[in-house]
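The following paragraphs lead through selected local features of the model shown here. Please keep the sequence and the structure in view while reading.

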Amino acid sequence: MEPSLPKIKTNYDLKEFLTGFNSDSEVVRILKKIGVRPSKGLGQNFLIDGSIAESIVNSLRISPEDTVIEIGPGLGALTRHLIGSVRRLVLVEFDRKIYEYLSDVLSGLDGVEVLHQDAVKFDIRPFYVEGGIKIIGNLPYSCGTEIIRNFVDLPTPVDLAVFMLQKEVVDRFCAMPRTKSYGFLTVIARSAWNVEKLQELSFEPFTPRPEVNSAVIRFSPCDYDTYPPFNQRVLKRIVKCGFQERRKQLKKRLPLGNFKWVEICEELNLKETARAEELTVDEWIKMARLIDDNPLKDNPQSGDEMFDVVDEDDQVIGQMKRSRVHSENRMHRAVHVFIFNKFGDLFLQKRSRLKDSSPGLWDSSASGHLNVAETYHDAAVREVFEELGILSDVDFISVIEPSENTGWEFVHLYSCEHEGPFNFPYSEIEDGIFFPMSVIRSWTQERPEDFASGFIECLCNYVE
Ligand code: SAM
């Protein structure tokens, strides 16, 4: 799609930018004009082969509704193939002069934003409001791994990413067990993403030439049923310990808690002499599930749980099984708890996909039903402990009347302050992070379908 050129006076030529700088001399000329001397520290090796750039962009499978973030746009080798083809394009460039150049030459182009930021620290949380975004970048090799981590570490709103970086790092992401490249990076990335090496490049299509070969890698999310649920924090902890001395046998390295190594090997069908590099991603995940010490990690929800049923004045009128309470829309009691950190950000949990209600949706920090004869306050303290693994008192905020949106629950809303980290049961919670309230408010307005309806009721009530 040809972008329509804006009629805004700039110092640089947009037509020239869109045509591209496809030789050493053209790159040198434009760099001189904008006052940049290529920096090794910033990984400034500019791609000068238009067809390679186009093939990299094509592998991102863009469509006109997409929001795309490009990291390190530089002189626009990839950018020019994105402009005009996506709804929103956000360019994150750390070099101030290049940022000023891009801001100038692209000013007035609809849907294109240029940000002067470090992609390692870039805050991706505001992009949840977009409902899934794509990332692309010919990355600075000095900090490529940190940048990738910032965008693909879970939870993330990213649902497809294509990066070019040094071949050696791409090989680490794609490595097979029992090879030198297989390690922490491989296991953690592949526990969440399918990774594909798309092409390898020598130093030739760049100016200045890099000292190492490059490769292009694509990250697409694993299907939900690729692995059973597990806690990412536990996986990271054991994989990190395991690979700290990759040649040593795991039995001497892992934090096993109450488990014995022999029992783990028996359960997972591993050799007792196994080393970190011999375990597949699947085996690491199974081990993380086994070693996870959360007492409620495998607690299935039971339709046989008993709840108090109440009348419209919230007076108990009897008891009934959970399944009946829900299927007959009987009024009952529940609590929601909002946990804030010292910055005033609210912790949201992503409900497990195994839950019987609102699976996979974002929800209050903690929530749940009252047990028979339990008080609202005690239930709130208990839920915070069971769902997040912390002991904390809670402050009462408000009462939310029963409605279809609360699932016919009388909800008492509480809050408390805590910085985390939280230890949650993977059968209940898939993930969770703190979000600024401004992000939550625009996200709930734009995409209420991403949230459990009870949370939205609580949020509206809280905001009011
Ligand atoms: N995309 C251009 C291309 O393909 O020719 C430039 C790629 S060059 C390898 C890396 C780019 O990333 C440079 O423009 C550099 O200034 C920028 N950069 C370096 N460190 C960065 C960081 N931490 N955050 C954002 N951009 C960064």
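Cys458 is buried, at a relative accessible area of 1%, where buried means under 20%, exposed over 50% and partly exposed in between (1.4 Å probe, protein chains only). Cys460 has a relative accessible area of 39% and is therefore partly exposed. Cys460 is in no disulfide, its nearest cysteine sulfur being that of Cys458, 9.3 Å away; a disulfide requires a pair of cysteine sulfur atoms within 2.5 Å. The count by this rule is 0 disulfides.

This is a predicted model, in which local features need pLDDT of at least 70 and side-chain atom pairs count only at pLDDT 80 or more, whereas totals for chains, interfaces and linings use all residues. Residues are numbered from 1 along each chain as its sequence is written, and side-chain values use heavy atoms, with hydrogens and water left out.

Helix α2 spans residues 24–34 and buries Val27, Ile30, Leu31 and Ile34; helices (H or I, at least four residues) and strands (E, at least two) are DSSP runs numbered from the N terminus. Viewed down the axis of α2, these buried residues fall within an arc of 105 degrees, so they line one face of the helix, the arc being that of the directions from the helix axis to the C-beta atoms. Exposed Ser25 and Lys32 sit on the face turned away from the buried side of α2. The cover over the buried residues of α2 includes α1 (14–19), β1 (46–47), α5 (96–105) and β8 (206–207), with contact meaning heavy atoms within 4.5 Å.
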